[in-house]
Amino acid sequence: MDDILVAKNVSKTYGDYTALDNISLKIPKNCIYGLLGPNGAGKTTFIRIINQIIYQDSGEVIFDGKPLAPEHISHIGYLPEERGLYKSMKVGEQALYLAQLKGLSKNESKKRLKYWFERLDIGDWWGKKIQELSKGMAQKIQFIVTILHEPKLLIFDEPFSGFDPINANIIKDEILQLKEKGTSIIFSTHRMESVEELCEHIALIHRSEKILDGRLSEIKKAYKNNVFNVGLQIQQEADTFLKTLEEKFSILSSSFDSDEMQLNVTLQLPSNHTSDVIAELSKKANINRFEETIPSANDIFIQTVNKRENDK
Amino acid sequence: MINKLRLIIKREYLAKVRNKSFIVMTILSPILIVGMIVLIAFLTDINDSEKRVLAVLDQSDYFKKEFQATSSTSYVQLNDISLEAAKDSTITMGFYGLIYIPKGKNLEQATNGVYLFTQDNPNTHVIGAMESIFQKRLRQERLEELGVSSEQFSGIEKQFEINLATFDGEKSVKGINEIKAFIGGMFGYAIMMFIIIYGGFVMRSVIEEKTSRIIEVIIASVKPFQLMLGKIIGTSLAGITQFAIWIVSASLLLFIVVLVFDIDLGAIAADTSMASPAMQGMPQIDGEMMLYAKEILNIPWVLLVGSFLVYFILGYLIYSSIYAAIGAAVDNETDTQQFIFPIILPLMLAIYIGFFSVFSNPHGPIAVGFSLFPLTSPIVMLMRLPGGIGEGGVPLWQLLLSIVLLIITFWGIVSLAAKIYRIGILMYGKRPTYRELFRWLRY
């Protein structure tokens, strides 16, 4: 059993509206899985099906080798995008209540909450009411409540919204540590910078359909298109040098720093065989930078979605 | 599962009873109610102690003995002055009014010319009292013409009251049907108030979970139906706590107030019952009081309280699940108005049907119909039940049918409400219409 969650041909409609169209996914154990897609793509619907808040019309969901069932709820932790806490309830009571709803005993909940409150440095909030806390503070409590019952699968829907950069970093580190301890994590977002940092696998959902999935590094490899950034130290005038270059290579863009006599060019090569190119260039100038551009998750996201739109 | 339900009930209960406005209401209401009773007693007292003085100008001499002072009215005889002078002196003396009886060949002619002059429009009680004085005098006169002496006449005057008994020979008293329906009505009324107050609490609590966005966190752990049920039960337990505190503290307070201020509650009861036409014919004679007490003790209290519990639980569950569904369907309380009215309507209908139809005929077709119809039966049936079941009361089949219909409706409504609730709690930013709600039922 290498997959914590397998979805087979899952579909869901609301009246005439199709929220999920025949989605199949495999989410490996002990990895951070990015569930990406524009707003309204169907990510939240899929996550709600995993949490058994709603049920699929057709298809099957397998959790840890068994069909998804109510008893799995205690093995799943879910931080929804639309999240909040009871405003007039005290922090400690509220955290205890939510932990007990996940099936923890009162004493165990207290013990673990104490540990986490200390760890995230919020021990003195226990007796405060939520309405006295800032939004970021409430988010910390929600994070703790989500992970407290040590689930096998954690689902974070836009976990960093509402956090300032410092606290977002703290939470990011906690997420990485949870992964180290063996937790599988689904990470739903449309903020690509955090995807680059965290996710090993991704799936891209667009208009209720899965349009891309796999290892992020492999997807990136597949999306490489032999574009290279080159930095050259030149002695002559830039324009004439560029002209000689243009005879041999296709140049996508260029810029020139006259103080340093540094010419930066972006080259489109016919293949990824670079040794000839480097030999050719080094005859003309001193190469101080030569690197392949790897598409960012953001590029892949936009490119794939746009391609899909144009195909239709 | 049961464990989670208990947790939810506990949280809802504590959230409710710790709520500041709930605490304030719990403490304040008995004070307000007792205060109102004291105020009514006080005002009744003032009202009774006000004495009206009427001037009488009798130029006919037929009515010398008729105007006897009563507890609320006294009379001043004016003699040998003109009508204009009498009017003037009535005004200057500040009397309530002037009764003018002109000269006449006979009593009849004199009475035809009688006028009552007052500053403002006269009180109906005063008019009634005057009319009966003249009527009595006229009747006596005519009877005397027929040869009945005044002693014989005062013999005729004795009021007649019919004696009532049931076929099995038990003595009965007037107005007992109304009293019985009134007692049932109190139970029905309590159910209605409870539904409106605590159903509203359930609704607001659902809206609060929606607007604070905690709802999705919770239903990732428990089923929406469990949450809804826990909320309804928790809120109703808080409600029962509040009701119990109200009843106990209000009775204590009333007892103390009555002792301290020496208020005659019986006078108020008699007074308020006069206001309702159904309650006329209340006992005046002490001996009859015993009969009434016996009749009230004869009310099948076990049946009544037992059915109250059944109707209360089922009725409350039906209505409060509708309230929960409404709370789930909207984003804020202002959007609830369009849905609240149709809920209140059958409740109000039940109360009115009860007071107008069941009072006069507890087993008539309208009373039977509405005591079977599930949305009104909790209130209307309770008004019929003090008459007992079986012969002379509610036929057993009607009681059973009414409960069965209520249980079927309970299942139907609660499952529909749960569907709307399940969809509604995850919907934001849409102002729902009835059509939208209907579509949710098919999701």
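The largest nonpolar core holds 134 residues. A nonpolar core is a set of buried Ala, Val, Leu, Ile, Met, Phe, Trp, Tyr and Cys residues joined through C-beta atoms within 7 Å. A residue counts as buried if 20 or more other C-beta atoms lie within 10 Å of its own, as exposed if 12 or fewer do, and as partly exposed in between, with C-beta atoms placed from the backbone. The residues with the most contacts inside this core are A:Ala95, A:Ile155, A:Phe187, B:Ala324, B:Ala325 and B:Val380. A:Ala95 touches A:Leu113, A:Ile141, A:Ile144 and A:Val145, leaving aside neighbours within four places in sequence. Contact requires C-beta atoms, placed from the backbone, within 7 Å. A second, separate core has 13 residues, including B:Leu54, B:Leu78, B:Ile99 and B:Tyr100.

The model is predicted: local features need pLDDT of at least 70, side-chain atom pairs count only at pLDDT 80 or more, and totals for chains, interfaces and linings use all residues. Residues are numbered from 1 along each chain as its sequence is written, and chains are lettered from A and ligands numbered from 1 in the order in which they are written.

Domain bounds come from an automatic or database domain assignment. Chain A is assigned domain 1 (3-222) and domain 2 (225-292). Their centres, taken over C-alpha atoms, are 46 Å apart. Chain B is assigned domain 1 (2-43 + 173-440) and domain 2 (51-150). Here the C-alpha centres are separated by 53 Å.

The contact between the chains draws 19 residues from chain A and 16 residues from chain B. Helix α2 (residues 91-101) of chain A gives the largest share of the chain A side, four residues. Helices (H or I, at least four residues) and strands (E, at least two) are DSSP runs, numbered from the N terminus. By class, the chain A side has 11 nonpolar, four polar and four charged residues. Nonpolar covers Ala, Val, Leu, Ile, Met, Phe, Trp, Tyr, Cys and Pro; charged covers Asp, Glu, Lys and Arg; the others, Gly among them, are polar.

Chain A has an open, antiparallel sheet of four strands in the order β12-β13-β11-β14. Strands pair if DSSP finds at least two bridges between them. The edge strands, β12 (250-257) and β14 (286-292) of chain A, each pair on one side only. Neighbouring strands are turned by 15 degrees against each other on average, direction ignored. Axes are lines fitted to C-alpha atoms, for helices over the stretch in contact; angles run from 0 to 180 degrees between N-to-C directions. Seven bridges join β12(A) to β13 (residues 262-268) of chain A. A:Phe256 has A:Leu263 as its bridge partner in β13(A). Helix α8 (residues 238-248) of chain A lies across β12 and β13 of chain A, at about 160 degrees to β12(A). Helix α9 (residues 275-284) of chain A packs on the sheet, touching β11 (227-233) and β14 of chain A, at about 155 degrees to β14(A).

In chain B, strand β3 (residues 97-101) is largely enclosed by the rest of the structure, because five of its five residues are buried. Strand β1 (residues 52-58) of chain B pairs with β3(B) in the parallel sense over five bridges. B:Tyr100 is the bridge partner of B:Leu57. Four bridges join β3(B) to the antiparallel strand β4 (residues 115-118) of chain B. There, B:Leu98 is partnered by B:Phe117.

Note on methods: Two residues are in contact if their C-beta atoms, placed from the backbone, lie within 7 Å.
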